[in-house]
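Please read the following report alongside the sequence and the model. It starts from a single side chain and then widens to the strands and rings.

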Amino acid sequence: MKHILDKLNKSEEVEFNPRGNSMTPKIKSGQLVKIKKIDEKEKENLKKGDIVFCKVKGNYYLHLITSIGKGKIQIGNNHGKINGWTDLKNVYAILV
């Protein structure tokens, strides 16, 4: 999914078709989604339940925010699996 980040660096919004079932039924495998680049001010307004495109432990995800800490978020899939914490600097976009 790093290629998505490359596209975001050139555009405010990116459409793509993520694969996998970790976000069903919110996002189905192959469904067209649109993400919008977010700036630092917008990151301050993120909330639990938002779906973001981010990097955690070297992997890129389009997953749910499950918890929020000072300057960081925890993400997980739609089936209860937690992927971990990441700094807000590693949050690149939000699902539109």
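## A buried glutamine

Gln-74 counts as buried at 16% relative accessibility, where buried means under 20% relative accessible area, exposed means over 50%, and partly exposed lies in between, with a 1.4 Å probe and protein chains only. Gln-74 has its place in strand 5; strands (E, at least two residues) and helices (H or I, at least four) are DSSP runs numbered from the N terminus. When neighbours within four places in sequence are left aside, Gln-74 is in contact with Leu-64, Ile-65, Thr-66, Ser-67, Ile-82, Gly-84 and Trp-85, contact being heavy atoms within 4.5 Å.

This is a predicted model, in which local features need pLDDT of at least 70 and side-chain atom pairs count only at pLDDT 80 or more, while totals for chains, interfaces and linings use all residues. Residues are numbered from 1 along each chain as its sequence is written, and side-chain values use heavy atoms, with hydrogens and water left out.

Seven strands form an open sheet in the order 1-2-7-3-4-5-6, with antiparallel pairing; two strands pair if DSSP finds at least two bridges between them. Strand 1 (13–16) and strand 6 (82–87) stand at the edges with a single partner strand each, so one side of each is left without a neighbour in the sheet. From one strand to the next, the twist averages 40 degrees, taken between axes that are lines fitted to C-alpha atoms (for helices, over the stretch in contact), with angles that run from 0 to 180 degrees between N-to-C directions.

## Two hairpins

Strand 3 (residues 51–56) pairs with strand 4 (residues 59–69) in the antiparallel sense over six bridges, and Tyr-61 in strand 4 is the bridge partner of Cys-54. Two residues lie between the strands of this hairpin, in which Lys-57 takes a positive phi near 50 degrees.

Strand 4 also pairs in the antiparallel sense with strand 5 (residues 72–76), here over five bridges, and Gly-69 stands opposite Lys-72 in strand 5. This hairpin has two residues between its strands, and Gly-71 in the turn has a positive phi of about 75 degrees. The charged end of Lys-72 sits over the ring of Trp-85, 5.1 Å from its centre; the criterion is NZ of Lys or CZ of Arg within 6 Å of the ring centre and within 35 degrees of the ring normal.

## The aromatic cluster

A search of the whole structure finds four aromatic pairs, where rings of Phe, Tyr and Trp (its six-membered ring) pair if their centres lie within 6.5 Å, and planes under 30 degrees apart count as stacked, over 60 as edge-to-face and the rest as tilted. One of them is the stacked pair of Phe-53 and Tyr-60, at 5.9 Å centre to centre and 15 degrees between the planes. Phe-53 is buried, with a relative accessible area of 0%, and Tyr-60 counts as buried at 18% relative accessibility.

The rings of Tyr-60 and Tyr-92 have centres 6.3 Å apart and planes at 35 degrees, so this pair is tilted. Because Tyr-60 lies in strand 4 and Tyr-92 in strand 7 (residues 91–95), the pair ties together parts that are 32 residues apart in sequence. Phe-16, Phe-53, Tyr-60 and Tyr-92 form one aromatic cluster.
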